[in-house]
Amino acid sequence: MKKVSRKDFDLFKKECLRLQAAWGLTGWELTFHFSSLLSENQAACIDKDLEAHNATLTLSSEVSAHCKSDPKGHAKHEMLHLLLARVSEYGKYRYITSYQQGEAEHELIQQLMKIIP
């Protein structure tokens, strides 16, 4: 295992906040943690609450020796999870209404309209 620097955590957090603004995800409240994750292969993770519109993003304070330190890449990956949150969550349901599916799709389209030139 190798330690991840506080500087990397600060860069991770800064990049998450930049992407939040750039991608129009400002309706979400973000919280950040810098602590060891249980999985050796996991450098970062996100825990989302759709109803409360808050998410906790964690950058692991230690990673396996073969894991590349890429705070910006990890931030982008986790923020993409946030961008896809509703679509991903509804995909887990056995039954959703066509209204819910349309709502999730249009929410994603609105965000992509802001991102894609």
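What share of the contacts in the protein with a separation of 6 or more comes from residues 24 or more positions apart? Please then describe how helix 1 and helix 2 pack.

Author: Residues 24 or more positions apart account for 69% of those contacts with a separation of 6 or more, a contact being heavy atoms within 4.5 Å. The model is predicted: local features need pLDDT of at least 70, side-chain atom pairs count only at pLDDT 80 or more, and totals for chains, interfaces and linings use all residues. Residues are numbered from 1 along each chain as its sequence is written, and side-chain values use heavy atoms, leaving out hydrogens and water.

The protein has 4 helices and 5 strands, which are DSSP runs (helices H or I, at least four residues; strands E, at least two) numbered from the N terminus.

Helix 1 (residues 6–22) packs with helix 2 (residues 71–83) at about 40°, their axes lying 8 Å apart. Helix 1 contributes Asp-8, Leu-11, Phe-12, Glu-15, Cys-16, Leu-19 and Gln-20 to the contact, and helix 2 contributes Pro-71, Lys-72, His-74, Ala-75, Lys-76, Glu-78 and Met-79.

Phe-12 and Met-79 also belong to the largest nonpolar core, of 25 residues, and are among those touching the most other members. Such a core joins buried Ala, Val, Leu, Ile, Met, Phe, Trp, Tyr and Cys residues through side-chain atoms within 4.5 Å, buried meaning under 20% relative accessible area (1.4 Å probe, protein chains only). Helix 1, helix 2 and strands 2 (29–34), 3 (44–49) and 4 (54–59) each supply at least two of its residues.

Terms used: Axes are lines fitted to C-alpha atoms, for helices over the stretch in contact, and angles run from 0 to 180 degrees between N-to-C directions. Buried means under 20% relative accessible area, exposed over 50%, partly exposed in between (1.4 Å probe, protein chains only).
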